[in-house]
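Please look over the sequence and the model shown here before reading on.

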Amino acid sequence: MRQGFLTRTPSVLIFLALLALFTLVVTLASHAYGTAFLSTSFVKTLGKTLCLCLVALAMDLVWGYAGILSLGHMAFFALGGYMIGMWLMYARTEDIVVQAQANAPLPATPQEISDGVASQIFGVVGGAELPAVWAFAHSLPLQLALVVLVPGLLALVFGWLAFRSRVTGVYLSILTQAMTLALALHLFQNDAGLRGNNGLSGLQNIPGLGQVSQDRLSVWFFWASAGALGLGYLLAAWIVSGKFGSVLRAIRDDEQRVRFLGYSVEGYKLYIFTLTAVIAAIAGALYYPQAGIINPAELAPIASIYLAVWVAIGGRGRLYGAVIGAAFVSLLSTWFTGGRAPDLSLGFATIQWVDWWQILLGLAFVLVTLFAPQGIGGLVDWAQGLRAPNRRGAPLGPDAGALQEREATE
Amino acid sequence: MSALLEVSGVSVTFDGFRAINNLSFNIGARELRAIIGPNGAGKTTFMDIVTGKTRPDQGSVTFGDRSISLLKLSEAQIAQAGIGRKFQRPTVFEDQTVFDNLMMALKKPRSPFAVLFFRPSQPDAARVQALAEEVGLGQHLARKSGELSHGQKQWLEIGMLLAQEPRLLLVDEPAAGMTLAEREHTTALLVEMAKTRAVVVVEHDMEFVRRLDCKVTVLHEGAVLAEGSLDHVTRNPSVIEVYLGRG
Ligand SMILES: Nc1ncnc2c1ncn2[C@@H]1O[C@H](COP(=O)(O)OP(=O)(O)OP(=O)(O)O)[C@@H](O)[C@H]1O
Ligand SMILES: [Mg+2]
């Protein structure tokens, strides 16, 4: 069946080939494994971009295919980052504490080490106790499990409550946004036990890999991100290519009708919402070690809105559209806000892109929504000489003999 | 003959307006039934109640051999129990092909897990092909259903209902907007379907109802006004007054 799946969806093979090629090129241009053409920080930017592409893929599944405009997926992304960040910070601090006490006359007891770690991590917020949420932070396997479990369970419970009472459309978006905001505000508090607005830092230093240079680590994380994106793409394509994808798109277009076909719409929504939350969390867990720092501002509702903008600009309802949108817009955004874009002098005023980029992005979003709902991905259709079928309009052809639309790739 | 669907004493109020008023009637297991009535008589609301979209304020609705109550089931559970519904305007998934539409409707396990791992087998594909031919869409399997003509969409929807293999089929104004030839095809389909299951047709068009040649129920202000053959009910003075006498 797998064979059939790949041949039926050639875009998957093309995507994976391009991703592999890109990975190879970046590796050969890196400091650690190649010509040093790309700086290590830029390799990290590219690796982070791949993680953003993965979360955009999740957003496309839940929004582009199932029609649920979630403004909470960046919260799941950040939660994934927090979960891995706790282990990174704990284990590294533990190393430091053990080293510092190595010269002491008596070997340190586990309790002393634990106390030392707690005061190192929480001194900054005036605490010396390890909060209960850090109970598993000493163990990588447990904390990795939490990367999946915490966002997954949150999505499951939230989704169950929201979908069961049939909240849809803009109300659901507002509800997801409220969840995101509440979570961010909670994490801002020192009581939440995650260092309040300081967040977690030093995440780029991987415990046990202290000897490995950042030049190498950046490439390793880039590989991991590319691998995750490849697997995520394969999974998403497999999901949407079958009957499950059919049902998702049907729910997006007319959920009442789907109910009368005997499908429990709420069950499907919950399923895809939770699954995509987990994908987002995994993307986040790969992103933040490359970013080095995470704080509650990462959960701000605006982040999830950006995510929706990327997917819209890339073209929702097609997987490669989401990836293109996330890569294109986030890289452009890095360029504009990084102060590298030259100022534009209009004579009477000078446009500084750091300030104007957001306006440009907002404008692009409005224009795409109004005039090119297919987004950048629509260019692919255009290049293939296809015209998008108008789903809401009148029938395209009278009867037999009407134009036979070639199936869109995907 | 025991009834497949039993509606008894059902009432629904929308914002103080009684759309269905103590409605009771039965449908047999292999019966073709037409429901007629003026605009706003409550025909669509009746279907909403049976399919779980609207909850009645009082009364009971039971279905099947074991007379399960439909009032506690969700729309999806009611559909799985064997009640199919065709809407007033054609509702097919226009973004998807005729094949995908039919495959989605095909009677198969409906849980997300089962559907995720479902891949159509040879017999499934053959069944879809046969269904498409039955409703006259055998040549159009690969087309997006959004491109079909109005009549073809109606048939696709009927094909989807057949694929569900329901024991009771509720059809709301199937002939609306159809050409004469399309109407005849639709009549034949409905009569054919009623041989193996119960079919309830709501229709305004008297000629269409006459061609169905079946028992007729006249609804008025949410209650049954008359029941019997078309000739019988059209002779009923109160029916003439509220419905036929209008125009
Ligand atoms: N959801 C609702 N909220 C308020 N009123 C409703 C609702 N649904 C139906 N009604 C009212 O109930 C009455 C019955 O409507 P219904 O749609 O069942 O009529 P109908 O017999 O199908 O008419 P038509 O022949 O026009 O299709 C109408 O007066 C309608 O306005
Ligand atoms: Mg009606």
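This is a predicted model: local features need pLDDT of at least 70, side-chain atom pairs count only at pLDDT 80 or more; totals for chains, interfaces and linings use all residues.

The sections below take up each chain, then the contact between the chains, and then some single residues.

## Chain A

Along the principal axes, the C-alpha atoms of chain A fill a box of roughly 90 × 55 × 55 Å, and the chain contains 14 helices and 4 strands. Of the 410 residues in chain A, 49% are buried, and among the contacts that join residues at least 6 apart in sequence, 75% are between residues at least 24 apart.

Chain A carries 22 positive and 20 negative side chains, and a distance of 10 Å separates the centres of the two sets.

## Chain B

Chain B has 247 residues and a radius of gyration of 18 Å, in agreement with the value near 18 Å for a compact globule with that number of residues. Its C-alpha atoms fill a box of roughly 55 × 40 × 35 Å along the principal axes, and its secondary structure consists of 10 helices and 10 strands. In chain B, 57% of the 247 residues count as buried, while 67% of the contacts between residues at least 6 apart in sequence join residues at least 24 apart.

The accessible surface of chain B is about 10,100 Å², and 50% of that area belongs to carbon and sulfur atoms. On chain B there are 28 positive and 29 negative side chains, and the centres of these two sets lie 4 Å apart.

## Where the chains meet

How many residues of chain A are in contact with chain B? There are 41 residues of chain A in contact with 41 residues of chain B, and the two chains bury about 3,800 Å² between them, 56% of it on carbon and sulfur atoms. On the chain A side, the residues that lose the most area to chain B are A:K243, A:R257 and A:F260, which together account for 21% of what that side buries.

Helix α3 of chain B, residues 98–105, is largely enclosed by the rest of the structure, because 6 of its 8 residues are buried. These buried residues are B:V98, B:N101, B:L102, B:M103, B:M104 and B:A105. What they pack against comes from both chains, namely α9 (243–260) of chain A together with α5 (122–134) and α6 (150–164) of chain B.

B:V50 belongs to helix α1 of chain B, which spans residues 43–50. Because its relative accessible area is 1%, under the 20% cut-off, B:V50 counts as buried. Leaving aside residues up to four places away in sequence, B:V50 touches B:L5, B:L70, B:I78, B:I83 and B:L170.

## Positive phi angles in chain B

Most residues other than glycine have a negative phi. B:E173 has a phi near 45°, a positive value in a residue that is not glycine, and B:D213 likewise has a positive phi, of about 55°, although it is not a glycine.

Where in chain B are B:E173 and B:D213 placed? B:E173 is in the loop between β7 (168–172) and α7 (180–193), whereas B:D213 is in the loop between α8 (206–212) and β9 (215–220).

Terms used
Residues are numbered from 1 along each chain as its sequence is written. Chains are lettered from A and ligands numbered from 1 in the order in which they are written. Side-chain values use heavy atoms; hydrogens and water are left out. Helices (H or I, at least four residues) and strands (E, at least two) are DSSP runs, numbered from the N terminus. The radius of gyration is taken over C-alpha atoms; the globule rule is 2.2 Å times the number of residues to the power 0.38. Buried means under 20% relative accessible area, exposed over 50%, partly exposed in between (1.4 Å probe, protein chains only). Contact means heavy atoms within 4.5 Å. Accessible areas come from the Shrake-Rupley method with a 1.4 Å probe; for residues, only the protein chains shown count as cover. Lys and Arg count as positive and Asp and Glu as negative; His and the chain ends are not counted. The place of a charge is taken as NZ of Lys, CZ of Arg, CG of Asp or CD of Glu. Buried area is the accessible area (1.4 Å probe) that two parts lose on being put together, summed over both.
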